[in-house]
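Here's a quick briefing to read alongside the model. Have the sequence and the 3D view open as you go.

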Amino acid sequence: MDHAERRTTDYDESDLRVGEPEDWAAGATGVAVSMKRSLERMGPSRTARTLLKLNQAEGFDCMSCAWPDPDPGHRSVAEFCENGAKAVAEEATTDRATPDFFARHSIAELDARSEYWLGQQGRITHPMVKRPGDTHYRAIDWSDAFALIGDELRALDSPDEATFYTSGRASNEVAFAYQLFARAFGTNNLPDCSNMCHESTSIALQESIGIGKASVVMSDLETADLIVIAGQNPGTNHPRMLTHLEMAKDRGAKILTINPLREAGLTRFKNPQRPKGVVGPGTVLSDLHLPIRVNGDLALFQAMGALLVEWDALDHDFIDRHTTGFDAWKAHVADLDWADVVASTGLTREQITEAAQMLRDSGSTVFCWAMGITQHRNGVATIKEITNLALAQGGIGRPGAGLFPVRGHSNVQGDRTMGIWERVPDSFLDSVQEEFGFDPPREHGLDTVDSVRAMRDGKVRVFVGLGGNFAQATPDTDVTAAALRSTRLTVQISTKINRSHLVCGETALILPTLGRTEKDVQATGPQWISVEDSTCSVHSSRGPLPPASPHLRSEVAIITGIAEATIGDRHGIDWAAMRQDYRRIREHIARVVPGCESYEVNARRPGGFVLPHPPRDTRTFPTESGSAEFAVSPVEVLHVPDGHLLLQTLRSHDQFNTTIYGLSDRYRGIEGGRRVVFLHREDIAALGFDDGDHVDLTTRWDDDDVERCARDFRIVAYDTPRGTAAAYYPETNPLVPLDHTAEGSHQPASKSVIISLTRSAGPADGTGSQEGVSDDAGEKDHPQPMHLS
Ligand SMILES: Nc1nc2c(c(=O)[nH]1)N[C@H]1C(S)=C(S)[C@@H](COP(=O)(O)OP(=O)(O)OC[C@H]3O[C@@H](n4cnc5c(=O)[nH]c(N)nc54)[C@H](O)[C@@H]3O)O[C@H]1N2
Ligand SMILES: Nc1nc2c(c(=O)[nH]1)N[C@H]1C(S)=C(S)[C@@H](COP(=O)(O)OP(=O)(O)OC[C@H]3O[C@@H](n4cnc5c(=O)[nH]c(N)nc54)[C@H](O)[C@@H]3O)O[C@H]1N2
Ligand SMILES: [Mo]
């Protein structure tokens, strides 16, 4: 039965309710919410079968985030969090989007729906095609789908007219096969979600310490004296981190949090796994919270560095032996302009001094960060400044200390390790050449932003997406939508319907795939896959459930099928063998990817293995100079003109990126809707509005005269620094100019967008109002969305 029919209503933003934000995270509510969602979507038996296998050594890896698992002996029976349970329920849902569903709903009709509604239609059961001029998707055979892709790809004037996107849920096995296919076909156009996520981190750390990954392992959190958490909201996005922070607090460690918002998980935590956590007051986590102005972190970390130098709280031995550039940095920070620091951070000198004292008094510090740091124009410089602090205190390659960029998607880091990277080093390409006997292209490929530009400019004609939701996750929604629509072919390898199926090329394919929760059986029997977490730990994963539909194929089967149909046995690559037995892929990985020797055995072992990391392991720094490099970065105060605000775009508690689980951001007091903009009470008054007013958000961007607007957001008075605003992604992506990217990493600067507010004409329509995307489809006959009764 097509369960989707039960839910043909969309939601109504006028149901939005605003209450008091919570100051604690998880606890009994978290458990209740995760069980309710799981039971609603999956029923009791699937709930039990999946949740008890989640993150267990013999189970499957949670697809919600890249937080590491404890050692096998130290895992609890329920080694997952509220949002992990939601992610599982979303994938293991019993709802189905069948060919019949697509026959009943035109593409234009689906495009008028909210992302939330689309996601609720359940798992896609059959490969689907839209041919030029079609109004509806219809079913297609796998072999015809592959042949169609092969024909289109071979018809291109150059392999560089195709771009191959990856979202970070893809396993190491499929990632390896995918990059191999792209390169054997002839292009390095391998953009990924990492281009929008931790690209600033990868670039900064590569240049400063020689490797773009975290220098810590889990046990470092167990011995750190101080844990700094900057620009990260773990209560929502990495909830299992809170358990580790609680343990750190129990043994006397200190926590410094740096965030414009007082996020619930940063203040107090009620551990749902402990009786006292559910009923008691919970653990107070943060010892000092710095409510920093958006984009002020470079100035903050530089000021803390200046104080460490002033106090001589430095590890001179480490600096002498392992670093270069210290004197230049020291001279630079000695010259610091405190007026700029105060203007940039919105903090007082006393607050900054107190934070620096915590650093001075800590024998070992772990620095954690996420999107609040990377998604800015100065993201790379800020991460280098964090690294400067670690270097100044000798805090790399020592227990309890190090750099900890906390990754987003569960295997985004592994995909990079496997070569999903438009600028992969030559040494990797040399290994590919040696293993497969062909010379891969050497010219760098297109990243995400450049892929949008190339499609827009007619230079890329075919888009292939291995997971993800390119149309919604990327900046400048109008531009991206037009770019995708101008292509000859878009191919989306997906589990569920999303906007990228509706904002598509002249011809479009949806190829439905198995998810992580599902059994993957190939010609030689059941298969397992492998993933890498934020701390470079690689382990295996196998799903417990039967596939959502007998017509699904695994991601490996789909990629190898596309490869066969496109390049056949060119270069003698045996795609069928890889598909039939993933061990064949892992044998290639073992020979091509550094640190993956004996991959088959090591990845399969309970708990897996940790990839080598020279700075962490031996304090060797594979940079150009051979030493860790202090970086000098000038502080520029981001000037926001009068009457404007600095907008950061962030996640609610009820979404996974563009997948909207529900309409409850309960930690921030928001229920029943998503179109809110959080503002300081005094800014609301100064701009002539009241709490509860509806406004349109418009971008100020001097480089072009395009008016970027996102309509009808309800103002919510909130504890955010003066001059700053916050609103949810992806609704705000139409406001982020494509060219507004981080210097050095080309990552969209979606956490510092200058906007102004104008009174809204009133609720435009009741749905998610996909500005740009649906506006752009003006010629289409949009049905009126229905509202929840
Ligand atoms: N449940 C759930 N889990 C997820 C995801 C999800 O959507 N849902 N997404 C996954 C992915 S792909 C990622 S990348 C991670 C994202 O994890 P986060 O980085 O935690 O995600 P965001 O919601 O973007 O939150 C960024 C935080 O930075 C703060 N911030 C914004 N601007 C600044 C600034 O200028 N300075 C400082 N110091 N802080 C700032 C915001 O207030 C917010 O608390 O989570 C992963 N895990
Ligand atoms: N304004 C703004 N923009 C942002 C961000 C922000 O903070 N602000 N964050 C950025 C970040 S950090 C990221 S990582 C990107 C995310 O960008 P993406 O990774 O492209 O987006 P997701 O929403 O994670 O992708 C969800 C889709 O993946 C598909 N999917 C789910 N599971 C599977 C699977 O197992 N296999 C396959 N093949 N498909 C699957 C489903 O169809 C689902 O609709 O967005 C970025 N964009
Ligand atoms: Mo991410």
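At 7% relative accessibility, Asn 295 counts as buried, where buried means under 20% relative accessible area, exposed means over 50% and partly exposed is in between, using a 1.4 Å probe and protein chains only. Bear in mind that this is a predicted model, where local features need pLDDT of at least 70, side-chain atom pairs count only at pLDDT 80 or more, and totals for chains, interfaces and linings use all residues. Residues are numbered from 1 along each chain as its sequence is written, chains are lettered from A and ligands numbered from 1 in the order in which they are written, and side-chain values use heavy atoms, with hydrogens and water left out.

**Backbone geometry**

- Most residues other than glycine have a negative phi, and most peptide bonds are trans.
- Asn 295 has a positive phi near 80° without being a glycine, and you'll find Asn 295 in the loop between β12 (288-290) and α14 (297-310). Helices (H or I, at least four residues) and strands (E, at least two) are DSSP runs, numbered from the N terminus.
- His 571 isn't a glycine either, yet its phi is positive at about 65°. His 571 sits in the loop between α26 (555-567) and α27 (575-580), and counts as partly exposed at 36% relative accessibility.
- The peptide bond from Tyr 729 to Pro 730 is cis, with omega near 5°. Pro 730 belongs to the loop between β33 and β34 (753-759).

**Ligand 1**

- Which residues come closest to ligand 1? Of the 32 residues that surround ligand 1, the closest are Glu 263, Asn 295, Asp 297, Gln 655 and Asn 657; a residue is near a molecule or strand if one of its heavy atoms lies within 4 Å of it.
- For polar contacts (pairs of N or O atoms within 3.5 Å; within protein, one must be able to donate a hydrogen and the other to accept it, and residues adjacent in sequence count only if both atoms are side-chain atoms), start with Glu 263: an N or O atom in its side chain is 2.6 Å from an oxygen atom of ligand 1.
- Lys 751 puts a polar side-chain atom 2.7 Å from an oxygen atom of ligand 1, while a polar side-chain atom of Asn 83 is 3.1 Å from a nitrogen atom of ligand 1.
- On its own, ligand 1 has 930 Å² of accessible area, and the protein covers 99% of that. Accessible areas come from the Shrake-Rupley method with a 1.4 Å probe, and for residues only the protein chains shown count as cover.
- The elements giving two or more residues to the shell around ligand 1 are α10 (234-237), α19 (371-374), β25 and β26 (655-656).
- By class, the shell around ligand 1 splits into 11 nonpolar, 17 polar and 4 charged residues. Here Ala, Val, Leu, Ile, Met, Phe, Trp, Tyr, Cys and Pro count as nonpolar, Asp, Glu, Lys and Arg as charged, and the others, Gly among them, as polar.

**Ligand 2**

- Ligand 2 has 30 residues around it, and Tyr 165, Ser 167, Glu 555, Thr 658 and Tyr 729 come nearest.
- The side chain of Tyr 165 has an N or O atom 2.7 Å from an oxygen atom of ligand 2. Glu 555 has a polar side-chain atom 2.7 Å from a nitrogen atom of ligand 2, and for Asn 657 a polar side-chain atom is 3.1 Å from an oxygen atom of ligand 2.
- Taken alone, ligand 2 exposes 930 Å², and the protein buries 95% of that.
- The shell around ligand 2 has 9 nonpolar, 16 polar and 5 charged residues.
- Where does ligand 2 lie relative to the domains? Domain 2 (123-196 + 411-604) and domain 4 (645-774) both give residues to the shell around ligand 2, so ligand 2 lies between them; the bounds come from an automatic or database domain assignment.

**Strand β33 and its partners**

- Strand β33 (residues 724-728) is mostly covered, with 5 of its 5 residues buried. Thr 724, Ala 726 and Tyr 728 point one way from β33, and Ala 725 and Ala 727 the other way.
- Strand β25 (residues 645-650) runs parallel to β33, joined by 5 bridges; two strands pair if DSSP finds at least two bridges between them. Leu 647 stands opposite Ala 725 in β33.
- Strand β30 (residues 676-679) runs antiparallel to β33, with 3 bridges. The bridge partner of Leu 679 in β33 is Ala 725.
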